[in-house]
Amino acid sequence: MLEELQEIVEERKRNPTPDSYTAKLLYHEKGEDKVLEKFGEEAVELILACKNKDKESIVYEAADLLYHFVVLLSKFDVKVEEVYDELRRRKK
Ligand SMILES: N=c1c2ncn([C@@H]3O[C@H](COP(=O)(O)OP(=O)(O)OP(=O)(O)O)[C@@H](O)[C@H]3O)c2ncn1[C@@H]1O[C@H](COP(=O)(O)O)[C@@H](O)[C@H]1O
């Protein structure tokens, strides 16, 4: 799923379109700081949803965080598969 999402994100990176939120993030005037800022915001939103024990919000905010995680990886030229490889390497 994350690999499929990254393929679309990479396509927006190659061919940014004006209507794409992803392209706006990747090519924001704040540069990489915008991507990092959004990832931090989404992490805080997920923490708050957990604090509130609100399962529906936890799922929603976790999805937002995963999307912004993939955008962050693409911004820094890292493939989701490389993260999976690292997890596989750690697996006991
Ligand atoms: N999975 C997502 C996805 N999840 C969350 N978001 C966006 O992330 C934003 C998070 O909400 P916020 O309220 O925090 O942000 P905002 O106020 O809209 O924007 P900011 O000004 O704060 O940046 C929302 O605008 C959501 O639409 C996503 N935007 C796109 N995708 C997928 O990314 C792919 C490319 O989409 P486009 O870039 O829209 O073409 C498609 O497969 C989409 O389904």
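Modeller: For the classes used below, Ala, Val, Leu, Ile, Met, Phe, Trp, Tyr, Cys and Pro count as nonpolar, Asp, Glu, Lys and Arg as charged, and the others, Gly among them, as polar. On that basis, the shell around the ligand holds 4 nonpolar, 2 polar and 4 charged residues. The model is a predicted one. The predictor assigns the complex an ipTM of 0.93 and a pTM of 0.96, and the average pLDDT of the protein is 97, with 100% of the residues scoring at least 70.

The residues in question are Ile-8, Arg-12, Ser-20, Tyr-21, Thr-22, Ala-23, Lys-38, Glu-41, Asp-64 and Tyr-67. Two or more of these residues come from each of α1 (2–14), α2 (21–26), α3 (32–51) and α4 (55–75). The greatest share belongs to α2, which gives 3 residues to the shell.

These elements belong to a protein with 5 helices and 0 strands, arranged along the sequence in the pattern α-α-α-α-α. The C-alpha trace spans about 40 × 35 × 20 Å along its principal axes. Of the 92 residues in the protein, 15% are buried. Among contacts between residues at least 6 apart in sequence, 50% join residues at least 24 apart.

Just after α4, Asp-77 adopts a positive phi of about 55 degrees.

The loop between α1 and α2 may be considered next, since Pro-16 is placed there. Pro-16 counts as partly exposed because it has 13 C-beta neighbours inside 10 Å, whereas a buried residue would need 20 or more. When neighbours within four places in sequence are left aside, Pro-16 is in contact with Ala-23, Leu-26 and Tyr-27. Of these, Ala-23 is also one of the residues around the ligand. Tyr-67, another residue around the ligand, lies 51 residues from Pro-16 in sequence and 17 Å from Pro-16 in space, C-alpha to C-alpha.

How values were computed
Residues numbered from 1 in each chain as written. Predicted model: local features only at pLDDT ≥ 70, side-chain atom pairs only at ≥ 80, totals over all residues. Near = placed C-beta within 6 Å. Helix = DSSP H or I, 4+ residues; strand = E, 2+ residues; numbered from the N terminus. pLDDT = per-residue confidence, 0-100. Buried ≥ 20, exposed ≤ 12 C-beta atoms within 10 Å, placed from the backbone. Contact = placed C-beta atoms within 7 Å.
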